[in-house]
Protein chains: 4
Amino acid sequence: MTIKVAIVGATGYTGAELLRLLSGHPEASVEVITSRGEAGRPVAELYPNLRGSCELRFSEPDEQQLAGCDVVFFATPHGVAQATVPALLARGVRVIDLSADFRIRDVALWEQWYNQPHAAPALVADAVYGLPEVNRAAIREAQLIACPGCYPTSVQLGLLPLLEAGCIDTRDVIANSASGATGAGRQASVATLLTEISDSFKAYAASGHRHLPEIEQGLADIAGGPVGLTFVPHLLPINRGIHTTLYANLSDPSVDLQALFEDRFADEPFVDVLPAGSHPETRSVRGANVARIAVHRPQGGNKVVVLVVEDNLTKGASGQAIQCMNIMFGLDERAGLAASALLP
Amino acid sequence: MTIKVAIVGATGYTGAELLRLLSGHPEASVEVITSRGEAGRPVAELYPNLRGSCELRFSEPDEQQLAGCDVVFFATPHGVAQATVPALLARGVRVIDLSADFRIRDVALWEQWYNQPHAAPALVADAVYGLPEVNRAAIREAQLIACPGCYPTSVQLGLLPLLEAGCIDTRDVIANSASGATGAGRQASVATLLTEISDSFKAYAASGHRHLPEIEQGLADIAGGPVGLTFVPHLLPINRGIHTTLYANLSDPSVDLQALFEDRFADEPFVDVLPAGSHPETRSVRGANVARIAVHRPQGGNKVVVLVVEDNLTKGASGQAIQCMNIMFGLDERAGLAASALLP
Amino acid sequence: MTIKVAIVGATGYTGAELLRLLSGHPEASVEVITSRGEAGRPVAELYPNLRGSCELRFSEPDEQQLAGCDVVFFATPHGVAQATVPALLARGVRVIDLSADFRIRDVALWEQWYNQPHAAPALVADAVYGLPEVNRAAIREAQLIACPGCYPTSVQLGLLPLLEAGCIDTRDVIANSASGATGAGRQASVATLLTEISDSFKAYAASGHRHLPEIEQGLADIAGGPVGLTFVPHLLPINRGIHTTLYANLSDPSVDLQALFEDRFADEPFVDVLPAGSHPETRSVRGANVARIAVHRPQGGNKVVVLVVEDNLTKGASGQAIQCMNIMFGLDERAGLAASALLP
Amino acid sequence: MTIKVAIVGATGYTGAELLRLLSGHPEASVEVITSRGEAGRPVAELYPNLRGSCELRFSEPDEQQLAGCDVVFFATPHGVAQATVPALLARGVRVIDLSADFRIRDVALWEQWYNQPHAAPALVADAVYGLPEVNRAAIREAQLIACPGCYPTSVQLGLLPLLEAGCIDTRDVIANSASGATGAGRQASVATLLTEISDSFKAYAASGHRHLPEIEQGLADIAGGPVGLTFVPHLLPINRGIHTTLYANLSDPSVDLQALFEDRFADEPFVDVLPAGSHPETRSVRGANVARIAVHRPQGGNKVVVLVVEDNLTKGASGQAIQCMNIMFGLDERAGLAASALLP
């Protein structure tokens with residue numbers, strides 16, 4: 001059986017990454033790709049890497065067509081999925097939403113950060129947060145997946161063993177993250193021209209980023225109580241890759257950090273704990289659905305430093321979404337996701 | 001049946017690319033990876049992208065071990081393969097050499113450009129030049145393949161339809177090429193530090209590059225006579241990718257260039273002729289075994305301009321080598337080579 | 001005496017470069033910077049490198065204010081200067097136009113390539129083409145300077161000695177150029193996002209670029225007759241820098257090319273002929289008002305290859321404009337332009 | 001009077017930056033540039049940006065020659081200056097050392113981190129730490145300056161107002177830094193090839209970096225007691241620029257952070273406090289001797305986040321060294337250092 005897939009809003013980079021990955025998936029076939037702006041245009045015209053492997057054209061979104069698929073991915077800006085998802089769910093289609101629409105359970109909090117009313121608040125509670133390392137069982141049964149954001153994936157994976165083990169002071173955790181520019185999307189803008197951000201580096205949103213409430217919710221779920229987090233994102237002059245450097249104070253200095261991390265992720269197909277003393281590079285996950293993690297304890301003191309890399313478009317978005325699809329449909333979780341990162 | 005593969009000299013970038021591509025090949029298995037300098041070290045320590053997909057360690061080169069494989073790839077500097085290949089061929093192993101050792105039939109010419117005596121001159125005539133678009137039948141029967149250089153692949157593919165059709169003046173052809181820095185290899189050097197070549201661009205070897213005699217030989221084979229070529233390579237501040245801009249004067253102005261190119265490559269799985277008016281980007285072939293080509297006739301005049309892109313490590317080296325292997329062993333030519341380029 | 005300067009349209013990169021260079025000019029002072037879109041905003045908000053050295057705010061264009069200055073630079077898109085320049089000239093102000101408005105003497109040709117009627121055709125004949133190496137005397141007396149385009153500067157400087165000496169076949173000259181992305185300007189667009197053009201390389205406008213008629217006119221002026229040129233520009237994934245590789249056939253093979261170039265530019269303050277065998281790098285002119293040139297004769301044959309680098313914003317635009325100003329006002333031609341390139 | 005300058009070890013990037021900056025200094029003249037490896041070679045051959053502005057050749061180090069200068073800069077690896085400096089000081093020459101040799105007052109600590117005996121321990125106490133914002137008066141009288149490291153400059157400037165005001169908890173301060181690759185120097189190595197570090201990002205030395213004891217000493221001097229610091233450096237795929245993100249907990253939540261920073265640096269010519277809400281970019285200081293700083297208080301909580309950018313070669317090394325020279329010789333502190341950053 002081949003899973004019939006539709007992608008809504010595939011003109012952006014997460015949509016393109018879904019297409020790239022699904023073009024090599026042995027048990028899924030993309031049937032519909034919608035875009036209001038590009039309807040009628042061959043997909044491969046926009047993404048020349050897909051010439052020869054994707055013969056589809058963008059089409060106008062059409063509920064009937066989408067309902068004929070087994071699963072619909074939304075690779076849309078926030079606010080779009082919530083308007084269409086209810087009808088699809090009602091027709092029995094499964095939905096994997098890569099946007100922020102269903103990530104935050106507290107609807108009022110969502111409305112505050114995204115500055116608009118939520119169009120489908122009743123569905124929020126039914127959405128399963130698509131982080132397989134935390135929620136695999138629930139993902140298996142889900143009708144609606146809210147895929148984690150790229151930064152939140154890296155922060156949660158890096159803190160998971162520490163929070164589950166209860167060995168850090170949860171009142172003061174710092175996540176210093178840096179992302180490639182694909183994280184900013186594919187809209188015409190001066191701010192992300194090559195001439196504005198190449199050969200440079202800066203922080204942004206130091207006073208508050210929309211991924212903060214999502215991360216706080218996820219960490220609280222894991223820790224069983226609130227986690228005091230400071231999160232500062234930075235912009236890297238590269239296309240792909242997130243690097244997150246996490247800082248926390250050990251409440252239990254006797255813990256063997258290396259063993260703790262290796263044990264926690266031993267059975268995870270897409271989390272790789274590096275040997276002690278390592279420093280993961282973003283290039284080592286370029287295009288691959290894997291997070292690589294190293295844990296340090298500088299000078300043997302009480303501070304734990306966790307280094308996490310992922311490709312923001314892959315494990316941070318589209319790869320993880322396909323991982324969820326594989327789980328939902330009972331496939332090998334690695335199907336279509338086994339390719340090695342492109343290095344150099 | 002799974003083809004048993006050995007790779008000699010896999011610490012460089014073409015070796016790493018062989019490993020990356022072969023790790024996803026359905027009918028080949030890498031059994032031996034040799035490196036004198038890194039013997040004993042896990043391959044994935046050098047190439048962290050292969051963690052989880054390659055469990056091998058580098059080993060000392062051992063003829064017995066190599067002879068136990070079906071095919072041996074040489075990803076070594078020039079001068080290495082010619083010393084070892086004769087013994088392997090004598091034992092019935094097939095050899096695919098990615099270096100320059102067997103590319104040039106005129107041994108004296110080789111010795112002049114490479115400034116050393118050739119260690120196996122008797123074998124040179126038996127080597128088949130591994131450009132499938134020209135030599136597919138001979139590759140099928142070959143024991144020893146001399147893989148084309150990265151620049152020569154791009155120049156020959158771009159001129160192939162024009163030379164076969166006899167529609168250009170062969171006395172004055174210009175190949176203006178630019179390559180990513182992986183073309184310079186993975187040796188410690190000041191000249192290729194990020195701090196020396198990033199954010200910059202330059203020509204090099206304008207007075208004569210070692211790929212020139214190889215290109216001239218290949219073009220002469222295709223044209224059935226000498227082709228007067230000027231070749232100037234340039235260094236791009238990127239990792240992967242070759243872009244070649246070819247200039248020639250039409251001797252037959254009535255030719256339909258677009259049709260000529262489309263027809264010539266219609267059945268080629270790894271050459272993509274873009275629609276009229278296009279400009280191929282190196283990113284569109286990043287990590288993919290494909291050359292994309294566009295043909296222009298500025299202002300409708302007598303000058304033809306051909307634009308060719310390839311990934312120097314893939315269609316320009318390791319991907320093409322695997323394509324040859326597929327042909328030699330009667331596999332689907334696309335086996336292990338079907339993945340789309342990584343974009344963005 | 002300090003020269004009072006106004007800049008019209010200083011929100012783009014050539015405007016920013018004028019500000020950067022003039023902030024260190026010992027005998028010029030920027031008094032007015034206009035921008036309709038940014039009127040009222042401090043210049044240093046847009047260009048944080050100027051914090052502390054430029055206290056001005058953008059203002060609405062005002063003829064009275066502009067007329068109070070000694071010289072007005074136009075750093076505007078084509079079509080803007082031609083509407084305002086006549087009034088300024090009538091009031092005795094000198095004008096240096098960095099746009100294409102007054103570069104082409106054949107008004108009909110201009111209108112064809114720029115697809116709009118020219119608003120001040122009568123002035124075109126009075127404009128002096130601001131290439132000091134060719135037109136120094138005329139620049140000294142000029143009221144209106146048409147600054148050369150970035151590509152045309154590199155092509156003309158590289159061919160100047162050859163055309164003046166009459167030692168090449170002028171029927172078939174090739175200019176293969178590559179430019180950093182600042183050449184595309186500072187407008188919001190998808191096509192020049194970092195995520196679209198970094199880590200990649202491509203040709204563009206292979207069938208015809210707007211700089212072509214300007215180059216053809218300039219070369220014909222130098223050669224005393226038409227020059228058959230093929231010009232293909234390419235886009236580099238860097239901010240600044242143009243590299244042009246020129247190809248021509250020698251009609252006089254006895255010429256000493258190195259001496260020819262060194263002699264021609266011996267007294268030029270901003271053209272540097274490199275030693276024989278050199279390959280200029282774009283980084284060697286980053287931010288500096290200099291063109292560096294090397295000349296090659298591959299394998300001693302009849303083809304001459306000239307390599308030219310310049311910073312497209314400096315010698316290719318704003319630096320050259322200031323060089324013209326220095327000449328017009330009888331200053332040391334190097335005033336404000338003596339800083340070394342930023343390397344690495 | 002013109003100050004006669006010698007530079008020892010000018011083949012590296014801090015040496016090249018000294019040459020670039022001093023070539024535009026109105027009151028200093030470089031007389032001697034030494035390099036054992038490059039003796040006899042024109043400096044401009046190694047650094048083509050200096051063609052036309054530096055006619056010197058590298059020479060063998062010669063004490064007599066050095067002693068004929070007013071000031072000697074050491075741009076050498078650690079361990080070199082300490083062997084030569086005593087003799088120069090004895091002859092009355094002033095010395096500005098850009099290496100780590102005299103930065104750490106605790107000689108045993110130096111020997112531990114640098115893993116070698118110190119050759120001039122008696123001089124360590126006489127060296128003045130060359131951070132003008134802290135030590136201007138002592139610099140004025142100094143014979144021997146120990147220039148701060150690049151990371152330490154950014155960390156100390158960013159924490160200076162907070163520590164002087166006593167408004168943060170000094171037991172737990174985090175410095176998350178990222179540096180361009182020029183920080184790794186100009187030695188042949190695989191690890192810093194473009195092909196190894198471009199298009200990627202990673203932390204390094206997370207368990208302990210040699211700049212740590214220097215930073216701890218500097219912070220303790222400012223705070224009047226030990227400061228508990230966690231310092232994690234990262235490697236950016238760019239040439240120049242350091243970005244440091246500092247995290248601390250406020251002990252006095254009533255403090256007006258923006259006013260505190262603006263007041264502290266109001267009279268500093270080379271520290272620029274950005275308006276509230278800003279995020280400094282490394283490109284805004286490219287090639288300029290300035291640090292730009294922004295201070296944030298996320299969600300109005302108790303955490304203070306300070307963002308600092310500098311050019312590691314300029315304010316982080318050679319520019320600051322010249323700033324010290326200006327102070328030592330009673331010149332305008334801005335002499336030769338006033339140029340704006342190169343942007344874009």
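**Entry 1: a bridge in chain B**

I began with B:Asp272 and looked up its bridge partner, which is B:Arg292 in S12(B). I keep in mind that this is a predicted model. Strand S12 of chain B covers residues 291-296, and S11(B) pairs with it in the parallel sense over three bridges.

**Entry 2: the sheet around that bridge**

Next I asked myself in what order the strands of this sheet of chain B run. I read the order as S8-S9-S7-S10-S13-S12-S11, an open sheet of seven strands with mixed pairing. Which strands sit at the edges? I found strand S8 (202-203) and strand S11 (271-273) of chain B there, each pairing on one side only. I also noted helix H11 of chain B, residues 257-264, which lies across S11, S12 and strand S13 (303-310). H11 of chain B runs at about 160° to S12(B).

**Entry 3: two helices in chain A**

I moved on to chain A and picked out helix H8 (residues 150-165) and helix H12 (residues 314-328). Their axes are 8 Å apart, and the packing angle is about 100°. H8(A) and H12(A) are therefore roughly perpendicular to each other. I then listed who meets whom: A:Cys150, A:Thr153 and A:Ser154 come from H8(A), while A:Lys315, A:Gly316, A:Ala317 and A:Gln320 come from H12(A). By class, I see two nonpolar, four polar and one charged residue in this contact.

**Entry 4: the domains of chain A**

I looked up how chain A is divided and found domain 1 (3-126) and domain 2 (151-312). The C-alpha centres of these two domains lie 26 Å apart. Domain 1 of chain A gives 10 residues to the contact and domain 2 of chain A gives seven. Which element supplies the largest share of the domain 1 side? My note says helix H5 (residues 107-114) of chain A, with three residues. That side of domain 1 has six nonpolar, two polar and two charged residues.

**Entry 5: chain A meets chain D**

I turned to the contact between chains, where chain A and chain D give 36 residues each. Several elements of chain A supply at least two residues each, among them strand S7 (173-179), helix H9 (194-197) and strand S10 (242-249). I sorted the chain A side by class and got 16 nonpolar, 14 polar and six charged residues.

Last, I checked how chain D can be laid on chain B: a turn of 180° and a shift of 0.0 Å along the axis give an RMSD of 0.0 Å. The two copies are thus related as by a two-fold rotation axis. I also found that 100% of the interface residues of chain D are interface residues in chain B too, so the copies meet through the same surface.

Conventions. Residues numbered from 1 in each chain as written. Chains lettered and ligands numbered in written order. Predicted model: local features only at pLDDT ≥ 70, side-chain atom pairs only at ≥ 80, totals over all residues. Domains from an automatic or database assignment. Contact = placed C-beta atoms within 7 Å. Helix = DSSP H or I, 4+ residues; strand = E, 2+ residues; numbered from the N terminus. Nonpolar A, V, L, I, M, F, W, Y, C, P; charged D, E, K, R; others polar. Least-squares fit on C-alpha atoms with pLDDT ≥ 70 in both. Axes fitted to C-alpha atoms, helices over the stretch in contact; angles between N-to-C directions. Parallel < 35°, antiparallel > 145°, perpendicular 65-115°, else oblique. Pairing = 2+ DSSP bridges.
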